[in-house]
Amino acid sequence: MRSYRVAAVVLLLSLALSACAPAIRPPSPAETAAAQQAATLASQGQFDQAASAYLTLAQQTSARSSHYRLLAAEAYRQEDQLGRAAPIVATIDRSQLTGDEPLRLDLLRAEIALQQHDPATALRLTTESGVNTPLALRPRLLELRAEAMAANHDYWGAGRTRVQMDSLLHGFDRSQNRKQAVNLLAKVGVAELKQRAAAMKPNDRMLPWINEALTQLGIVVAQSQPNLGQPVGTLLPGAGANVRQGYKVPAKIALLLPQGNGFGGISQVIREGFFAAYFDAASNHAPRPSVRVYDSTGTADGAVKAYQQAVADGAQMVVGPLTRAAVSAVLAQASLPVPVLALNHPNSGTLPAAGASEFALRPETEGAEAADHMSERGITQAYIIVSDDDFAGRAAAAFKAEFQAHGGLVLGQTQITRGSVNYRNQIAGLGIPATPADQNINSSANASAPTAGIFISMHPEQARLLLPQLRVARITLPVYGTSHIYAGSDDPSDDNDLDGVSFCDAPWLFDAQTGLPKHDAITALLPEARGASSRLFAFGMDAWNLVPYIDWMRANPGSYLPGASGQLTADAFGHVRRILIWAKFQNGVARPTGDNLQMQMDTTPAPAGSAPAPASSSAPATSPAAPASAASSPTPASTPAG
C-alpha cells in the first residue's frame, strides 16, 4: 500500500495548507504559520517532525484538533508508522471533520485494521456508500478494498477491484497493479474462471483479464478476433494533407539483436527487413530517427547489458531483444527508463512491464485463425493432424481452444513423427469417414458444403506426403493449415500434391498488402528475404513499421497497422496481435484467396511535419559490438520469435 507515496505526499501538503477550512472561528496568523511549517516538513519527507507539529497544533486549537490529528496520523502513515498513527486515529472526533476528511479517516482506519488482521472491518470501511469519492483518493480506497477482499480469500472480488483501478494509474503503479490483478484472478482457479468467462458477453471488460490469468495458469484460451476499425496513419486535413494520425517517432532508436549463440543468421534476416522498411519510409518524406544496432549476444545478461548501454547512449526507444530468455530478463528490470518493443514474449507469460510492448510470430495466432476461418465456413467438426514439433503442438492447442469456443467439436487428433513417411496408421486411427467407393472423389456434382474439416500444422515435406495418403484413403474433407506448409516460394512440381489446401500466412509474401516494398523486388536484391526466411524478413519490416504507431494503437482500440506480417493490432496490455491472409494451393502454386482482409489503399506512414525532426536522418549506425554475420535460411521452427 505504498504505491502512491509521492501522490500522497502532494495530497497531504495540499490538505495541510487547507487548515483554514471554515470552523467556529478562523485560525490566527500564528496558527496558519505553524500549519504551513508543518506542511513544509511533510513535503520535505520529514514526516515524524511534521506529525509532532500537527499534534502540537491539535493541543493548542480545540476547534480544529481532529483536523490536525488526522494530518498527524497521515504523516505517520507516510513514515510507515501505522502503529503510532493508530492511537491518534482513535481520538479523532468524526463530527469535527469536513470535506473529504471523514473518508480519509476511514481509509486510515481500514489500513490499520488490515495491519491488525481485521479484513472484515477494512472491507466495511472501504465499501462505497452513496458518497462521491474524490479522484485523488479513489486508487487508495480501491487498493485497500482489494487487500481486504484478498485477506478474506475473495480473490475474484479482489482481482476485479484491481481491474477497476487500472484506468486510474500510470507507469510503474499501473504495471504493478496489473500483475497483482492477474495473480489474484489466477488464484480463483481454472474451473471458476472458465465458468465466469462463459457467462460473460464478448465485450465484458473482465474477459481479457480472465484470459491473462488462464494463460498464466498454462491454459490455452480462445482469443476473440480484434476489431479492425481504422488503419493508423490516416491523413488528417490541413498542413498540406501530409500529417498522419498517430505517427510519433523518437529521435534515437536502439535495435537489440543477438549475433552469436546460433542466432546470427536469424538476426541478419530480421535486421535486413527492419532497415528495408526503414529506408522505404524515406520515400514518403517521413522523419526517421537514427538507429544503432547492439549485440544482445543471445543471453539474458547480454540483453540487459545491451539495453542499459543503449539507454546510456541516449536511445529513446529500444526494439528487441529477440529470444524469450532475453526478453524476460530485460522486462524484469526494476525500471525501464526507455520504452521497449520486445520481439518475443517472456518465458513467464506474464504481462508486459510498464512501457513495454511485445511482438512475435506465434504459432498460437495461426492455430486460432484457422479455427475462426473454418467456423466461418460452417465447419463444426474437425480432425487435427500435426507434426511433433513445438510450433505444431502450440498451434494445435490454440486451434482446439478457439474451435471449441465457436461451438465446434474436435473428433480426433494425431501426431506424425518427423522422418517417418507412412502415416496410414495415424490416418486410420482418426476414423475419418471415407468417400464411398462408388462416388467419384473428384466430382462436385452432388457435393454439399462440408460440415467437417481437417486442420494440419507441419513442414512442407510432411504435408506433401500426408495429402496423397489422405486421397488414397478416399478422405475428401477440406484441409486447412498454418503457414508452415508453405516453403515461402512457389515450387509447382513439389507442391502439386498440396492442391486444395488452404493456409494462413503473412500478406507480404503475396504482395497482398499495399503500401509496402514489393516482395519480388526485395527478394531479387536480398537473398535473406527468400524462401522460408521471408516471414522473418516481414517480421523485421513490421518491427520498424510498429515504431511510430505502437503508442497510438495501444491507446486507441480498433486501430490497426496494415503490416507485412499481417494486420497488426495492440491491446492495452501491450500484446501485438497479427491477423493473417488466406492462400490456397492451385496447380501447385499458392495464391491468396478472394476472402482476405480488406486492403487499404493508402496506409503507408508518411507524416511529414507530424513529429520533431530526429537528431539524425543519416544511415543507421551500427555499434562495433554488432558485426554483420552471414545470412542463413532458418526454418520457421528454428525461429525464436515465437
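## A parallel pair within the sheet

In this predicted model, strand E11 (residues 452-457) and strand E12 (residues 479-481) run parallel and are paired through 3 bridges. Strands are DSSP runs of E with at least two residues, helices are runs of H or I with at least four residues, and both are numbered from the N terminus. Two strands count as paired if DSSP finds at least two bridges between them. Ile454 stands opposite Val479 in E12.

Residues are numbered from 1 along each chain as its sequence is written, and side-chain values use heavy atoms, leaving out hydrogens and water. Because the model is predicted, local features need pLDDT of at least 70 and side-chain atom pairs count only at pLDDT 80 or more, while totals for chains, interfaces and linings use all residues.

## The whole sheet

The open sheet has 7 strands in the order E10-E9-E11-E12-E13-E17-E18, and its pairing is mixed. Strand E10 (409-416) and strand E18 (589-592) each have a single partner strand, so one side of each has no neighbour in the sheet. From one strand to the next, the twist averages 25 degrees. Angles run from 0 to 180 degrees between N-to-C directions, with axes fitted to C-alpha atoms, for helices over the stretch in contact.

Helix H17 (residues 390-405) packs on the sheet and touches strand E9 (381-387), E10 and E11; the direction of H17 makes about 170 degrees with that of E9. Helix H19 (residues 460-472) also packs on the sheet, touching E9, E10, E11 and E12, and its direction makes about 155 degrees with that of E11. Contact here means heavy atoms within 4.5 Å.

## Strand E9

Of the 7 residues of E9, 6 are buried, so this strand is largely enclosed by the rest of the structure. A residue is buried under 20% relative accessible area, exposed over 50% and partly exposed in between, using a 1.4 Å probe and protein chains only.

E9 runs parallel to E11, joined by 6 bridges, and Ala382 stands opposite Gly453 in E11. E9 also runs parallel to E10, joined by 7 bridges; the bridge partner of Ile384 in E10 is Gln413.

## Aromatic pairs

A pair of aromatic rings is described by the distance of the centres and the angle of the planes. Rings of Phe, Tyr and Trp (its six-membered ring) pair if their centres lie within 6.5 Å; planes under 30 degrees apart are stacked, over 60 edge-to-face, and the rest tilted. The count comes to 19 aromatic pairs. Tyr278 and Trp544 form an edge-to-face pair, at 5.2 Å centre to centre and 75 degrees between the planes. Tyr278 belongs to helix H13 (residues 264-280) and Trp544 to helix H22 (residues 534-546), so the pair links parts of the chain 266 residues apart. Both Tyr278 and Trp544 are buried.

Tyr486 and Phe510 are stacked, at 5.5 Å centre to centre with 20 degrees between the planes. Tyr486 lies in the loop between E12 and helix H20 (492-495), and Phe510 in the loop between strand E13 (502-505) and helix H21 (519-525), so the pair ties together parts 24 residues apart in sequence. Tyr486 is buried at 4% relative accessibility, and Phe510 is buried at 13%.

## Nonpolar cores

A nonpolar core is a set of buried Ala, Val, Leu, Ile, Met, Phe, Trp, Tyr and Cys residues joined through side-chain atoms within 4.5 Å. In the largest core, of 75 residues, Ile456 and Trp508 touch the most other members. A second, separate core has 28 residues, including Ala35 and Leu71.
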